[in-house]
Every structure is written in structure tokens, then in C-alpha cells.
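Here is a brief report on side-chain pairing and chain contacts. Look over the sequence and the model first.

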Amino acid sequence: MNKFLMPFLALINTTEHGEALTDTAAHVAGHAAESQGLADTLANAAGHTVKKHAPEFPNIIEILHEASQGQSPLINFIYEYRIVVFSTVIWLFLGILAYFAYRKRSIIPGGVQNFVEWVVESLAGVVTGILGRDGRKYVPFIGTLFVYIFCMNLFGLIPGMFSPTSKLNTTLALAICVFLYVQYSGIRNLGLLGYFHHLAGSPRSAVEWFLVPLNLPLHIIGELARPVSLSLRLFGNIAGEEMLLAIFASLGVTLLSFLHMPIGIPLHLPFIFLALLTSFVQALVFTLLTTIYFSLMSTHEEEHR
Amino acid sequence: MTPETSIGFLLPLAVGVAAVGSGLGLGRAVGAAMEAMGRQPEAAGKIQTAMIIGAAFIEALTIYALVAVMLLKP
């Protein structure tokens with residue numbers, strides 16, 4: 001397990017501690033030779049030197065960190081944990097929303113309560129549609145995952161914020177939670193022996209028992225590959241989407257660089273709608289795949305009846 | 001040609017090749033799902049769910065290529 005995750009841990013280190021983050025404006029402005037004035041304006045505005053990194057929009061914490069020149073210990077601390085800080089903002093928002101929806105509830109729902117009930121019922125419908133009636137107990141976990149991931153994906157579209165899901169730390173943490181819960185539910189539903197029987201490919205006949213040495217490693221590798229593919233899919237999609245937006249925004253700035261003014265054409269506007277779609281679809285895919293992992297783990301016995 | 005140049009030249013090409021494959025796959029999958037929905041509109045919800053999951057698996061391959069690019073970027 002440890003050995004298996006090594007490359008990914010290395011990846012986290014590079015994404016986490018790899019020098020100050022990128023700044024599209026400074027990056028592009030540095031490359032546009034004739035627009036020295038613009039380069040200065042933008043580099044000062046964001047306070048970055050030109051660095052070789054993937055283009056990304058600057059966010060509030062980075063700007064604060066650059067403005068304070070690393071002098072303030074509080075801002076340094078926040079900067080170090082900026083991904084966690086942004087996710088904390090999101091779960092606080094969701095918690096407060098849930099509190100207000102739950103506090104003043106009535107038989108005839110209105111306003112916030114109506115909206116929250118609609119979200120919960122749709123999610124419960126999707127989950128029970130795949131898992132059947134027994135799946136109701138997984139609705140809180142899976143529904144929370146969906147709402148949380150959807151909000152994190154959308155958060156990057158607010159100027160000055162960024163998506164925690166565009167870093168592998170967040171997505172890998174979520175995927176490991178899913179992995180552990182799926183294994184736990186498998187042991188809980190099938191029993192310890194039944195769980196290993198399931199991992200061995202549910203052998204019945206003599207031939208199937210003979211194939212167990214082949215099936216068991218295959219199933220174990222398959223189980224271990226799930227959190228990796230789950231996290232990489234979400235991370236790649238959201239990071240790619242943010243990068244696309246940043247590249248087109250910087251292209252819009254570069255096009256007007258001959259004016260020597262800090263303005264640009266919003267070329268990334270059409271891709272914002274694409275980003276809205278991607279945010280929803282990727283949150284839905286993460287949720288649906290989690291549901292399917294649960295169904296593969298729990299209903300395996302019924303398939304053979 | 002330095003290694004950096006060759007990597008910088010080939011990485012976008014690699015994503016392009018991966019995107020061609022998953023584009024073909026997505027086209028087939030979504031086309032078949034649309035046809036199935038046209039034949040049986042009452043099963044549209046189930047078909048859509050299955051289609052989204054399949055599409056996620058197909059496009060994940062391109063995303064892996066993109067992640068490789070992000071890692072290898074010179």
C-alpha cells in the first residue's frame with residue numbers, strides 16, 4: 001500500500017511545497033517583450049516574479065502573502081495551509097446553510113428549506129436508484145460528497161478564490177475516505193470471511209477455487225487502483241479547467257498589451273460555461289462511481305443466486 | 001535537440017493523440033446512448049446515468065495523459 005502510493009505522495013510534495021504559485025499575468029507579461037510597462041503593472045499588482053509554472057489565477061491568500069513579503073507569521077501560516085483554509089470556508093458555508101434550513105422547518109417548505117429538500121431528495125433518488133432500498137444508509141455520505149465537491153469545483157470561478165479540488169491533496173483525501181468506507185461496508189455486510197471470499201472472486205466450483213491465486217491479486221490491485229483513478233480524474237479535470245481559463249484570460253491580456261494599460265479582452269468567457277458544466281459533471285461522476293463501488297461491494301452475493 | 005525541447009514538443013502531441021482516442025470512444029458511447037434514449041424514452045434516466053459513468057471512464061484516459069504532462073512539464 002505504502003509503496004503503491006509513493007509516487008503520489010511525491011506528487012503531493014511537489015504540488016504543495018513547490019515554490020510560490022503561479023501567476024498568469026506576470027508570466028505572460030514577462031514574455032511579451034514590448035509591453036514592459038504592463039509587465040511592471042501586472043507584476044506589481046500581483047507581486048510576483050516571473051516563474052515557470054502552470055498558469056493559474058492568483059487568489060486572495062497568495063496576494064496577501066506577497067503583499068506581506070512573508071513578514072507576518074499569521075499570513076505565512078494561512079498561506080502554508082491555504083488549500084485547507086479554502087475548503088474550511090466551503091464546509092462552514094454548507095454547515096451554516098444546513099443549520100438555517102433545519103432551524104425553521106415547516107410542513108409546507110419555503111425558501112431555503114424547499115431548496116435543500118429538493119437537493120436531498122434528488123440525491124437520495126439517484127443513490128437508491130442504483131443501490132436499491134438498502135442504499136438509504138449511504139445517502140448522507142454520498143450526498144455530502146456530491147454537495148461538497150460541487151461547491152469546491154465552483155469555488156474556483158469566484159474571482160480571488162480557487163478550487164481546493166484542483167490540488168491532488170484534496171481529491172486524494174476524499175478518494176481515500178471513499179476507499180476506506182467501501183472496504184468497511186464490505187467487511188460489515190459480508191463478514192470478514194465473506195469479504196475475503198469476495199476478494200477471491202467468489203469461488204464456487206473446483207475450477208474457480210483453482211483460479212483463486214490468479215483472481216486474488218487482480219481484485220486487490222483493482223481495489224487499490226480505484227482511489228487513484230478517482231482522485232486523478234477529479235484533480236485532472238478541475239486543474240485542467242482552471243488552467244484553460246487562466247491561459248485564455250492571459251491571452252486576452254496579451255492581445256491588448258500594445259495599449260500599455262492594465263485591460264484585456266475576456267476571451268475566457270465561453271469557457272466559464274464549460275467550467276460550470278465540468279464542475280457539475282465531475283462531482284456527479286465522483287458520486288456515481290462511489291455509489292457503484294458500494295453496490296459492487298454489497299450486492300455481489302445476490303448476483304450469484 | 002535538448003531533452004527539454006523534445007519533451008516540450010512531444011507532450012502536447014501526446015495529449016492530442018490521447019484526445020483523439022477518447023474522442024472516438026466518447027462519440028460512439030454517447031451516440032449509442034442517444035439512440036437508446038430515442039428508442040426507449042422512458043428509460044432515459046437509467047441510460048443517462050450509465051452513459052455518464054462510461055464517459056467518465058473514457059475521458060479519464062485523456063486526463064491521465066494531461067496529468068502526465070503536468071508532471072513532466074519542463
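## The interface

Chain B and chain A bury about 1400 Å² between them, and carbon and sulfur atoms give 78% of that area. The model is a predicted one. On the chain B side, 15 residues are in contact with 20 residues of chain A.

What polar pairing crosses the interface of chain B and chain A? Three residue pairs are in polar contact there, both residues of each at pLDDT 80 or more. The count of salt bridges between chain B and chain A is zero.

## Salt bridges

Side chains of opposite charge can pair when their charged atoms come close. Over all chains, the count is two salt bridges.

One of them joins A:Glu223 to A:Arg226. Their closest N and O atoms are 3.2 Å apart, inside the 4 Å cut-off. Both residues belong to helix 11 of chain A, residues 212-255. They are three residues apart, so about one helical turn separates them. A:Glu223 and A:Arg226 are both buried.

The other salt bridge links B:Arg39 with B:Glu35. Here the closest N and O atoms are 3.4 Å apart. Helix 1 of chain B, residues 3-39, holds both partners. Because they are four residues apart in that helix, about one helical turn lies between them. Is B:Arg39 buried or exposed? B:Arg39 is exposed, at a relative accessible area of 67%. That value is over the 50% cut-off.

## Aromatic pairs

A pair of aromatic rings is described by the distance of the centres and the angle of the planes. The structure holds 16 aromatic pairs over all chains. Take A:Phe146 and A:Phe280: their ring centres are 5.9 Å apart and their planes stand at 90 degrees, so the pair is edge-to-face. A:Phe146 lies in helix 8 of chain A (residues 139-155), and A:Phe280 lies in helix 12 of chain A (residues 269-298). The pair therefore ties together parts that are 134 residues apart in sequence.

How exposed are the two partners? A:Phe146 is buried, with a relative accessible area of 9%. A:Phe280 is partly exposed, with a relative accessible area of 36%.

Five side chains of chain A form one aromatic cluster: A:Tyr138, A:Phe141, A:Tyr181, A:Tyr184 and A:Phe294.

Definitions and conventions
Residues are numbered from 1 along each chain as its sequence is written. Chains are lettered from A and ligands numbered from 1 in the order in which they are written. This is a predicted model: local features need pLDDT of at least 70, side-chain atom pairs count only at pLDDT 80 or more; totals for chains, interfaces and linings use all residues. Side-chain values use heavy atoms; hydrogens and water are left out. A salt bridge is a side-chain nitrogen of Lys or Arg within 4 Å of a carboxyl oxygen of Asp or Glu. Helices (H or I, at least four residues) and strands (E, at least two) are DSSP runs, numbered from the N terminus. Buried means under 20% relative accessible area, exposed over 50%, partly exposed in between (1.4 Å probe, protein chains only). Rings of Phe, Tyr and Trp (its six-membered ring) pair if their centres lie within 6.5 Å; planes under 30 degrees apart count as stacked, over 60 as edge-to-face and the rest as tilted. Contact means heavy atoms within 4.5 Å. Buried area is the accessible area (1.4 Å probe) that two parts lose on being put together, summed over both. A polar contact is a pair of N or O atoms within 3.5 Å; within protein, one must be able to donate a hydrogen and the other to accept it, and residues adjacent in sequence count only if both atoms are side-chain atoms.
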